[in-house]
Amino acid sequence: MKKTVFITGSSAGIGKATAVYFLKNGWNVVASMRSPENETELINSDSLIIARLDVCDSLSIKQSIELGLAHFGRIDVLVNNAGYALTGPFEDASKEQIQRQFQTNVIGLFDVCRAILPHFRTKRSGTIINVASVGGRLTFPFYSLYHSTKWAVEGFSESLQHELLSYNIKVKVIEPGPIKTEFYSRSMDFSTEGKSSVYEMNHQKAIKNMQSFVDQGGTPAQVAKVIYSAAISNSNKLRYSAGTGAGLMLFFRKIMPDSFFNKIINWIVMK
């Protein structure tokens with residue numbers, strides 16, 4: 001029987017590349033997104049359905065999972081990919097911006113996991129793949145709120161893995177490095193937008209230097225391949241780095257003292 005993957009945030013970037021890759025490898029795919037009426041690129045296929053899902057809307061989560069189950073009869077893998085970055089000085093961020101960042105990247109991910117778990121427990125199998133970031137284990141200036149959500153996803157996933165082990169449900173975390181995608185334009189919010197900030201000079205310097213990382217980054221297709229590898233693996237391996245330089249960045253973060261590693265980050269980003 002063909003397996004089925006359910007993907008959030010499939011309208012562009014990593015999510016869309018993942019949907020395409022699973023289809024090419026013979027899977028059924030439920031590609032969910034906030035505005036499915038705008039989707040024109042995913043191929044027509046009996047193995048694909050496009051569902052409306054906003055991770056901030058619990059009803060749409062429930063309905064899209066029910067749609068996937070009704071159409072394919074089962075879901076074997078959940079890929080939590082939906083998210084965006086709020087960047088800029090923490091002090092300039094409004095309470096509403098902070099709440100939206102956590103609602104999307106953390107609470108929304110929680111809600112999707114909670115909605116799929118009864119199905120996974122009933123069939124005593126399934127894999128949850130949460131797309132975090134290298135930014136869930138290391139940090140850059142002016143990404144404090146985004147980083148805090150990804151660190152939350154890392155901790156949640158590691159603990160959840162213990163809880164679900166006896167039900168034969170696997171939990172995996174994907175940690176992409178800088179990826180050349182619309183994430184850095186379309187899927188980004190700025191805490192300084194429309195404001196005059198005392199941090200403006202340093203913020204602009206950081207944006208310029210961070211862009212150089214992105215320009216040398218990996219592609220969504222590279223991340224999609226790692227997600228697929230995690231999905232088909234029978235191991236209980238938790239973390240998978242993805243994209244150009246991600247593994248190396250995490251290796252140096254692991255072996256270097258905090259003070260030394262953070263001095264290097266500050267020099268690179270704020271030089």
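**Salt bridges and burial in a predicted model**

Q: Is arginine 239 buried, partly exposed or exposed?
A: In this predicted model, arginine 239 has a relative accessibility of 24%. Buried would require a value under 20%, and exposed a value over 50%. Arginine 239 therefore counts as partly exposed.

Q: With which glutamate do the side chains of arginine 239 meet in a salt bridge?
A: The partner is glutamate 158, with a distance of 2.8 Å from N to O. The pair links distant parts of the chain, as arginine 239 belongs to strand β9 (residues 239-242) and its partner to helix α4 (residues 144-164), 81 residues apart.

Q: Which parts of the structure does the pair of glutamate 41 and lysine 16 tie together?
A: Glutamate 41 and lysine 16 form a salt bridge, their closest N and O atoms being 2.9 Å apart. The two residues lie in parts that are 25 residues apart in sequence, so the pair ties together helix α1 (residues 13-24) and the loop between β2 (28-33) and β3 (48-52).

Q: In which helix do lysine 62 and glutamate 66 both lie?
A: Lysine 62 forms a salt bridge with glutamate 66, with 2.7 Å between the closest N and O atoms. Lysine 62 is partly exposed at 47%, and glutamate 66 is also partly exposed, at 42%. The two residues are four residues apart, about one turn of the helix, and both lie in helix α2 (residues 58-72).

Q: With the side chain of which aspartate does arginine 253 make a polar contact?
A: Arginine 253 lies in helix α7 (residues 246-255) and is buried, with a relative accessible area of 18%. Not counting residues up to four places away in sequence, arginine 253 touches Arg137, Leu138, Asp258 and Phe261. The polar contact, at 2.9 Å, is made with the side chain of aspartate 258.

Q: How many salt bridges does the count come to?
A: Side chains of opposite charge can pair when their charged atoms come close. The count rests on a cut-off of 4 Å between a side-chain nitrogen of Lys or Arg and a carboxyl oxygen of Asp or Glu. By this rule, the number of salt bridges is 12.

Terms used: Residues numbered from 1 in each chain as written. Predicted model: local features only at pLDDT ≥ 70, side-chain atom pairs only at ≥ 80, totals over all residues. Heavy atoms only, no water. Buried < 20%, exposed > 50% of the residue type's maximum accessible area, 1.4 Å probe, protein only. Polar contact = N/O pair within 3.5 Å; in protein donor to acceptor, adjacent residues only side chain to side chain. Contact = heavy atoms within 4.5 Å.
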